Amino acid sequence: RTSLPIRVTMALQILAAALLASSSPITTAAFHIPSLIGTKHHLPSQIIRRELMASTSSSHDDDPSTSTSPAPSFQYTQLQDNTSSSSQISCNRDLQHVLTTIETAAYQAGQLALQTAGKIAIKSTKANIRDLVTESDLACQVVIRDTIMKEFRNDVFLGEEDVETRDLASSEALRMALGVASQSREGGVADEGEDRLLFVVDPIDGTTNFQAGLPMYAVSIGVVSLAGEQPQVVAGVIYNPTLGEMTSAVRGRGCYLNNRRINPSSKDRSNTQQQPRQSILSQSLINVGFPICKESTLLASSCAVTALATNVRGLRMIASASQTMAWVAHSKLNAYFSWDLNAWDVAAGMVIVEESGGLVSNFDGSDADISSRDMIITCCPDQGEDGLLSDELIQVLRESDCLRY
């Protein structure tokens with residue numbers, strides 16, 4: 001027997017998984033794959049996306065105007081008035097349109113991932129054997145890129161799968177993308193007065209969970225505006241397709257779970273307890289980061305587990321930064337902290353947590369931004385307890401020397 005090239009074998013594995021997940025026939029239409037992705041990814045990406053579009057549009061075959069677009073089973077987020085307490089923005093773009101577009105992209109990629117979760121082989125590794133890549137990561141990024149760039153072709157796209165794995169490559173990629181986004185538009189293609197956006201994407205955050213078939217992974221899309229003095233995340237979406245959770249936010253317009261507003265107001269505990277709690281940390285469920293790229297960060301993580309084990313209600317290690325940040329915004333987790341994070345890990349989560357009433361800070365307690373690498377994220381506090389959980393966490397971690405790596 002003649003051996004098939006590994007690229008073809010991987011494509012057939014993905015196709016088989018998609019067929020198992022859907023009874024829809026595969027169409028014969030071809031889809032354009034941007035040259036930025038590279039020819040080595042074309043075949044599997046085409047096959048996956050073809051199956052995705054066939055399965056999600058099957059209910060619209062009678063309507064030619066919608067037969068090529070998936071009909072989302074979720075309800076698009078409709079932004080409410082400017083009632084958020086977070087900082088306002090000067091971005092002059094239509095952020096409702098931006099949010100609708102990234103929700104569409106996240107949904108499409110999520111449905112693709114859902115078809116192959118737990119059924120696809122590892123394609124390669126990045127920094128080490130713990131840092132996995134599958135063909136679904138690559139194909140999901142293609143779907144997201146195509147959907148976004150169709151609507152915002154003059155803006156800038158930064159996807160995890162386009163970045164090298166060497167040390168500091170992600171920081172350099174972010175600086176380059178921000179530099180490109182800050183340049184003036186050329187050729188008069190777009191309105192000269194229109195602020196430029198940077199879309200920061202992790203197509204599958206939590207690839208190891210995804211490859212194992214665990215439901216703790218998410219599609220993450222953050223949108224950064226260059227309108228102000230400093231880059232600012234103005235919109236974000238985190239989508240868990242297994243749980244059907246679409247968590248979205250626009251700065252100054254609130255945070256939403258499946259189009260339902262998450263109330264950012266501090267909770268009033270006056271009916272149950274008059275005095276502030278002596279220790280918020282002891283009553284908190286904390287997620288500890290699992291930063292896989294460096295041995296030093298893994299050692300710091302292990303040290304933090306030891307330091308916190310007897311000081312908290314419970315510890316978790318979900319290994320998906322964006323999914324964890326969404327659950328902090330939902331107040332399912334009280335806090336999350338991690339070392340050596342990348343922009344695509346946290347871009348969407350930053351605005352989502354802040355719009356839900358939570359805090360996103362650096363290890364020294366200062367406000368984090370899109371270039372921050374080490375973060376502590378806490379949920380919306382109870383009344384009179386603003387910042388106290390973050391302060392307690394920093395104190396315990398500093399005393400145990402867990403913040404350095």
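Which residue in the turn of the hairpin formed by E6 and E7 has a positive phi? Good morning, and thank you for coming. The residue is Gly244, with a phi of about 70°, and 4 residues lie between the two strands.

The structure is a predicted model, in which local features need pLDDT of at least 70 and side-chain atom pairs count only at pLDDT 80 or more, while totals for chains, interfaces and linings use all residues. Residues are numbered from 1 along each chain as its sequence is written, and side-chain values use heavy atoms, with hydrogens and water left out.

Let us begin with the sheet. Helices (H or I, at least four residues) and strands (E, at least two) are DSSP runs, numbered from the N terminus. Two strands pair if DSSP finds at least two bridges between them. Here 7 strands make an open sheet, ordered E3-E4-E5-E6-E7-E8-E9, with mixed pairing. At its edges are strand E3 (156-159) and strand E9 (260-262), each of which pairs on one side only. From one strand to the next, the twist averages 20°; angles run from 0 to 180 degrees between N-to-C directions, and axes are lines fitted to C-alpha atoms, for helices over the stretch in contact.

Strand E7 deserves attention. It runs antiparallel to E6, joined by 6 bridges, and Asn240 stands opposite Glu245 in E7. With E8, the pairing of E7 is again antiparallel, over 4 bridges. E7 and E8 also form a hairpin, with 3 residues between them, and Gly252 in that turn has a positive phi of about 85°.

Is E7 enclosed or open to the outside? Buried means under 20% relative accessible area, exposed over 50%, and partly exposed in between, with a 1.4 Å probe and protein chains only. By that definition 6 of the 6 residues of E7 are buried, so the strand is largely enclosed by the rest of the structure. In a regular strand the side chains alternate between the two faces of the sheet. On one side of E7 we find Glu245, Thr247 and Ala249, and on the other Met246, Ser248 and Val250.

Contact means heavy atoms within 4.5 Å. Helix H8 (residues 321-329) touches E4, E5, E6, E7, E8 and E9, and its direction makes about 100° with that of E6. Helix H9 (residues 343-355) lies across E4, E5, E6, E7 and E8, also at about 100° to E6. The axes of H8 and H9 come within 8 Å and cross at roughly 5°. That makes H8 roughly parallel to H9, a description used for angles under 35 degrees, with over 145 counted as roughly antiparallel, 65 to 115 as roughly perpendicular and the rest as oblique.

Finally, helix H3 (residues 95-116) has 22 residues. Of these, 18 are buried, so H3 is largely enclosed by the rest of the structure. Within H3 lies Thr101, which counts as buried at 5% relative accessibility. A polar atom of the Thr101 side chain lies 2.9 Å from the backbone oxygen of His97. Not counting residues up to four places away in sequence, Thr101 touches Thr147, Ile148, Glu151 and Phe152. After H3 comes Gly118, with a positive phi near 75°.

Thank you for your attention.

Methods:
Expected span 1.5 Å × (residues − 1). Polar contact = N/O pair within 3.5 Å; in protein donor to acceptor, adjacent residues only side chain to side chain.
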